[in-house]
Amino acid sequence: SPGTRVLYDLVVGVGSCMVRQLTGGSVGPIEAHFTHGAEEDGAIYGRLLRMPARFNQPRTGVILQAAAMGTAPPGANPLERQRLLRMIEDAAWTTRPDFATKVSRAIRHHLHYDGPTLPAVAGELGLHPRTLRRRLHDEGQTFERLREGVRFAVARELLELSGIPVAEVGAFLGFEAPGVFSRAYRRWSGTSPSNWRQGKRT
């Protein structure tokens, strides 16, 4: 979408401040990763964020040390957290997302980690894989179709925003070989990933 690059920069900036604020300064991100390439003066990112910034990464976000993930914010209240999460969800959606949308979000999450398999996505949603399939069927969807849609969306984003080689984009998306990724991308878009990237940059 237009403005994606700026939005991602904003999310990283706000996110790094939130980590420091919520932990009373006891935890800070150790790196910032950006899907997009470096600006002419990429060093300004490091100065503003107070940490190293890496560009042309497969995902945008802040990186914490593993030990920091177990740090509880001062005054943490699990019940209050659940209440706030419900408030955020109520405010974020003018209409409740359908089940297929929830599955697509879970697929994208797992794409960045252990791969968007049916058992992994079903487990995140607290469902048996057969139940997930049945509910998608009721909405006229399949897990495989949703996974392909998410892969296509992420592929377009990486090809447009980053300088990551096409083969690496395919590997990140879980394709076993560059040729398999290229054939899939041609099926999705009608052209090769390289041609699609070139068209976006001309």
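Tutor: Glycine 46 is found in helix H2, residues 43–49. Helices (H or I, at least four residues) and strands (E, at least two) are DSSP runs, numbered from the N terminus. This is a predicted model, in which local features need pLDDT of at least 70, side-chain atom pairs count only at pLDDT 80 or more, and totals for chains, interfaces and linings use all residues. Residues are numbered from 1 along each chain as its sequence is written, and side-chain values use heavy atoms, with hydrogens and water left out.

Student: Why is glycine 46 classed as partly exposed?

Tutor: Buried means under 20% relative accessible area, exposed over 50%, and partly exposed in between (1.4 Å probe, protein chains only). Glycine 46 is partly exposed because its relative accessible area is 22%.

Student: Leaving aside neighbours within four places in sequence, which residues is glycine 46 in contact with?

Tutor: Contact means heavy atoms within 4.5 Å. With those neighbours left aside, glycine 46 is in contact with Met51 and Ala53.

Student: How is the lining of the largest pocket divided into nonpolar, polar and charged residues?

Tutor: Ala, Val, Leu, Ile, Met, Phe, Trp, Tyr, Cys and Pro count as nonpolar, Asp, Glu, Lys and Arg as charged, and the others, Gly among them, as polar. The lining here has 24 nonpolar, twelve polar and ten charged residues.

Student: Which element gives the most to that lining?

Tutor: H3 does, with ten residues.
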